[in-house]
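I opened this notebook to keep track of what I looked up in the structure, and in what order. Please have the sequence and the model at hand while reading.

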Amino acid sequence: MISDLALEVNRLSGQQIELCYHCHKCTAGCPVVDAMDYGPDMVLQMASLDQGEPLFRSRDIWLCVGCLTCATRCPNEIDIASAMDGLRQLALARGYPAGERDALLFHRLFLGVVRRFGRSHEAFMLGLFKVLSHVPLMNDMGAGLGLFMRGKVPLLPGRSRAGEEVRKIIERSKP
Amino acid sequence: MSYSYYPGCSLHSTGLEYGLSTKAVFAHLGLELNELPDWNCCGASSAHTLDHDLALALPARNIALAQEMGGDLVTPCAACFNRLKGADHLLKSDTKLREHIESLIGFKFTGEVAVRPVLAVLYEDYGLIRLKEQVRRSLDGLKIVPYYGCLLVRPPEITRFDDPDNPQVMGRILSAAGAEVLPWSHATDCCGGSLSLSRSDVVRFLVGRLADRAREAGADAIVTACPLCQVNLEMRQTSSPKLPVFYFTELLGLAFGLTEAESWWGKHLINPRPALAKIGLLEVAR
């Protein structure tokens, strides 16, 4: 019997998470498991048991960086990082606050800049992140200044038609 | 040989010296790189977190540009390679998705563009024998560990590049340039990627462990092929002395005796000059 939540995750991610037999290879190899509440193998189990509420509120789905160590090692060929992507989409669609607020903020700012300019723009994005995130304002100021002094964070976006072209794609993708 | 070239966003910002050294090395070897006109961001890790249409459409538009230009599509950035190659795989394997993306972008996918990382082009097309012949100043005495990170080698059924657990290509290329390539345990362990800003504590821990293991192996420097790994490794190392972090293309340029090499060292957050001076390579590069 496959739970409704597992079916939804499968649909969004193209995986079959019910194949997991909990060998723990994913959890053993996960680089960020120390910071997680449950770990990747338990995330799959919770989804299979329809435990949506704690999963959607968990840090775990936002801490996954998509390094794909789990996907490469899984004996049942489950791409667990893709399943995490699916869980993130469900959590957002259902209005849950992200368990890692600043991780979501980073992705939103990054994609917002790409939607506007067609390319990433570090100065713009980092500036907004500094102001909007809960990370103390002075953190990373030294490194940021170091990058700036080395000409690595140009203040103006480069000239290209990429922004215009990306905006056309977004326009066409609207239903 | 001529290739279409996708630098990606990082090579115009935090990975400046990766782009400069890639172009210099290719020009020196007589390999032509033609930058895609008006290329756009590949979407990196943020697009597939938030917007599935865009996660595929962004890299697919670049593939469309490369199709028009012809030839293999070469990219230095591991993350861009992963997104472009992943999109290529999906466009080839999912007809419904392909038709949807084709209509969004307004092109017809032919599947003829091979997406390849710079490492693969140098190793497979140019070859170790000829690379060795280009060495003017051997990196003899430079002890390094090659760091591949995640996205060049995983998932192996899509990236189809080198061994996912024990990759060899970067080490072989740097050996050909004379460097002493040391075996180590963490060549494909994650640096923490996009958590660098929101959870710098997690990334400091992961980067600290990478640097510790590199030191334990006896390395004077870490060598990468990814601009995201490189900036994390430089920004988030805490224990001193900090290990310098080179792009493999920078060390190739140095070994080829390119005069531009000196202008790359100043771009680093961790000064790599002492490691080069230690083996008498600094004055040569001036």
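**Entry 1: ground rules.** I am working with a predicted model, in which local features need pLDDT of at least 70 and side-chain atom pairs count only at pLDDT 80 or more, while totals for chains, interfaces and linings use all residues. Residues are numbered from 1 along each chain as its sequence is written, and chains are lettered from A and ligands numbered from 1 in the order in which they are written.

**Entry 2: chain B as a whole.** I looked up the secondary structure and found 15 helices and eight strands in chain B, where helices (H or I, at least four residues) and strands (E, at least two) are DSSP runs numbered from the N terminus. The radius of gyration of chain B is 19 Å, close to the 19 Å that the globule rule gives for 286 residues, so chain B is as compact as a globular protein of that length; the radius is taken over C-alpha atoms, and the rule is 2.2 Å times the number of residues to the power 0.38. Along its principal axes the C-alpha trace of chain B spans about 55 × 45 × 30 Å. I noted that 59% of the 286 residues of chain B count as buried, the term being used for a residue with 20 or more other C-beta atoms within 10 Å of its own, against 12 or fewer for exposed and anything in between for partly exposed, with C-beta atoms placed from the backbone.

**Entry 3: two domains.** Chain B is divided into domain 1 (2–118) and domain 2 (127–285), with bounds that come from an automatic or database domain assignment. I find their centres, taken over C-alpha atoms, to be separated by 23 Å. In contact with one another are 25 residues of domain 1 and 25 residues of domain 2 of chain B, contact meaning that the C-beta atoms, placed from the backbone, lie within 7 Å. On the side of domain 1 that touches domain 2, helix H1 (16–29) and helix H4 (78–93) of chain B are the elements that give two or more residues, and H1(B) provides the largest share, 10 residues.

**Entry 4: where chain B meets chain A.** Here 43 residues of chain B are in contact with 47 residues of chain A. Which element gives the most to the side of chain B that touches chain A? I find that H2(B) does, with six residues; helix H2 (44–50), helix H3 (52–69), helix H5 (95–105) and helix H10 (200–216) of chain B each supply at least two residues of that side.

**Entry 5: a parallel sheet.** I then followed an open sheet of four strands in chain B, which has the order E6-E5-E7-E8 with parallel pairing; two strands pair if DSSP finds at least two bridges between them. E6 and strand E8 (245–247) of chain B stand at the edges, each with a single partner strand, so one side of each is left without a neighbour in the sheet. Strand E5 (residues 143–147) of chain B is mostly covered, four of its five residues being buried. E5(B) pairs over two bridges with strand E6 (residues 180–181) of chain B, and over four bridges with strand E7 (residues 221–224) of chain B. B:Ile144 stands opposite B:Val181 in E6(B) and has B:Ala221 as its bridge partner in E7(B), while B:Lys143 stands opposite B:Glu180 in E6(B).

Entry 6: B:Leu174 has its place in helix H9 (residues 169–176) of chain B. Why does B:Leu174 count as buried? The reason is that 24 other C-beta atoms lie within 10 Å. Not counting residues up to four places away in sequence, I list B:Ile144, B:Pro146, B:Val181 and B:Val223 among the residues that B:Leu174 touches. B:Leu174 and B:Val223 are 49 residues apart in sequence and 9.3 Å apart in space, C-alpha to C-alpha.

**Entry 7: a residue of chain A.** A:Leu147 has its place in helix H10 (residues 141–149) of chain A, and counts as buried because it has 23 C-beta neighbours inside 10 Å. Leaving aside its neighbours within four places in sequence, A:Leu147 is in contact with A:Lys152, A:Val153 and B:Thr14.

Notes: Contact = placed C-beta atoms within 7 Å.
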